[in-house]
Amino acid sequence: MTTPKDEIARSAAETTLALNPLMGGINREELVGAVAMMLRSTMTNPVTTAKSASRIAKENANILMGKSQRKADPKDRRFRDPAWEHNPFYRRGMQAYLATQEHLNDWVSDLKMSELEHARAKFVMGMITDALAPTNTLIGNPAATKRVVDSGGLSLLKGLKNAYTDLTKNGGMPSQVDKRPFKVGKNLAITEGQVIWKNEMLELIQYAPKTDKVHRTPILIIPPQINKFYAMDLSPMTSMVQFLLAMEQQTFVVSWRNPKREHRNWGMQEYIDSLIQASEVVRKVTKSKKINVSGACSGGITTATLASLLAAAGDDRINSITFMVCVLNPQKEDSELGQIVSDGSLEIARAYSKKKGILKGDDLARMFAWMRPNDLIWNYVVNNYLMGEDPAPFDVLYWNNDSTNLPAQLHSDYLDLGLNQPFDHPGEFEVAGHMLDMSKVKADAFIVAGLTDHITPWKACYRTAGLLGSDNIEFILSSSGHIQSLLNPPGNPKAKMFRNPDIAPTADEWAAGATEEAGSWWPVWGEWLKARSGTLKTAPKACGSDAFQPLYPAPGRYVFDE
């Protein structure tokens, strides 16, 4: 049975921390400036302001007299309690809140501002109205007041305890997950393997084969630098690593080190150099000249840069390339984040991380949470403090909260990608020591995106197909959101995908010719990989080789860096 707490956790899992070149490009000063712009507009647009105030007053008068028919969206879990419909006090409170929220948003839309100012004003107004929801207060939340009565006041004491714990141990942010049941290496990231090579930046993990035969061409998985690698090996039921092993794949995964201030100069070029070294180790250990590579989210950006650099050097070691929920050339219209940042915002963000030496994972997570406050903040304020509940123990959220830092130079390099759009301008910009040009990448490509993914929107992911010089490209659209598109093993009865064998000029044209299929995309990808992984050979009896002896067991040591 699914509980409200489970629903909150699963909703938050759809908005897990992710990095794109525009991330980190908004700051408090600009949000405060947006508030100032709105206040000034009350003076410069008095007619518009007066009309909005009149509409709010008129509808609230009707609400007070019980004449309003306004209802909450059925999908809005905040107002699911029957009291919002049947109790006159709560019903009027809900109607007044929803009416005011709508009219304030309309007021912002009517103000005379630039496009950027409008986007920021709408964002700030959304934050304000979300914060003022009656459900965020004890007296305005019928479920919370019932809990106080039913628990004899113990829910209030537990809520205060939770609030104190978050203030003292969680940076003042409400906890999203009960971390106590989880232990990396014990019940998360438990697939058998060995770290066979490492440098200051990464550990290379080779996983022990699970089959008597393995394909000759190995696969190297490159995770995002902002997350720990073990999303690929979260639990036995959702482990992509174990799926690949079952598909007779020689599987290697990079585990990035969590950088500190002394690593401030690690940039894209240093990360790419380390990946080239790691891929050379993979080739020597497996005695294969070719490797398949896969990158997810911002790890896909790193993977693409690696592929471009190797192609420019005439190095054809990459046999095939997979991009998962990855946007190489983000446009400002793709997302709310893109609409509220400017070139000036990105430069301010660059200066901030340069001064600090790193962009702390906690800071990035906090900023990301305020991008989705209902899912990532207020839901937990209600659950943890007003209801006196512990957050749900959810492995995806445990992993999401196990974030890492970004070195200042890598953050700067990502911001340059957002400013210059080098993937959209082949051969015009230097990235990681070469003129980036994805049209020179001829390897077969597999691209997967999530239909309901608002972090890396699927139409933005689709643009990658037009950047590549590959003759053979497979694009799969999963019915899931961001992280669910990755953790999508066979067996989910709700899973479905959309496929079209032809790569059309635009995402809309592709979608018009796509057909719906039931099931996970993993088996489709697995068969696609097998066709590009060479013949079978006897599986190695141990990880590593004479030249690259195992150093210590998976999941390694860097994964435990804080």
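A salt bridge is taken here as a side-chain nitrogen of Lys or Arg within 4 Å of a carboxyl oxygen of Asp or Glu. The model is predicted, with local features requiring pLDDT of at least 70 and side-chain atom pairs counting only at pLDDT 80 or more, while totals for chains, interfaces and linings use all residues. Residues are numbered from 1 along each chain as its sequence is written, and side-chain values use heavy atoms, with hydrogens and water left out.

**View A. Salt bridge between arginine 70 and glutamate 59.** The closest N and O atoms of arginine 70 and glutamate 59 are 2.7 Å apart. Arginine 70 lies in the loop between α3 (46-64) and α4 (83-86), and glutamate 59, 11 residues apart from it, lies in helix α3; helices (H or I, at least four residues) and strands (E, at least two) are DSSP runs numbered from the N terminus. A search of the whole structure finds 23 salt bridges.

**View B. Packing of helix α8 (residues 154-169) with helix α15 (residues 373-386).** The axes, which are lines fitted to C-alpha atoms over the stretch in contact, lie 7 Å apart, and the helices pack at about 125°, on a scale from 0 to 180 degrees between N-to-C directions. The helices α8 and α15 are therefore oblique to each other, given that angles under 35 degrees count as roughly parallel, over 145 as roughly antiparallel, 65 to 115 as roughly perpendicular and the rest as oblique. With contact meaning heavy atoms within 4.5 Å, Ser155, Lys158, Gly159, Asn162, Ala163 and Asp166 of α8 meet Asn384, Tyr385 and Leu386 of α15.

**View C. Crossing of helix α10 (residues 268-286) and helix α11 (residues 298-312).** The two axes come within 10 Å and cross at roughly 70°, so α10 and α11 are roughly perpendicular to each other. Met268, Ile272, Leu275 and Ile276 of α10 make the contact with Ile301, Thr302, Thr305, Leu306, Leu309 and Leu310 of α11.

View D. Most residues other than glycine have a negative phi, and most peptide bonds are trans.
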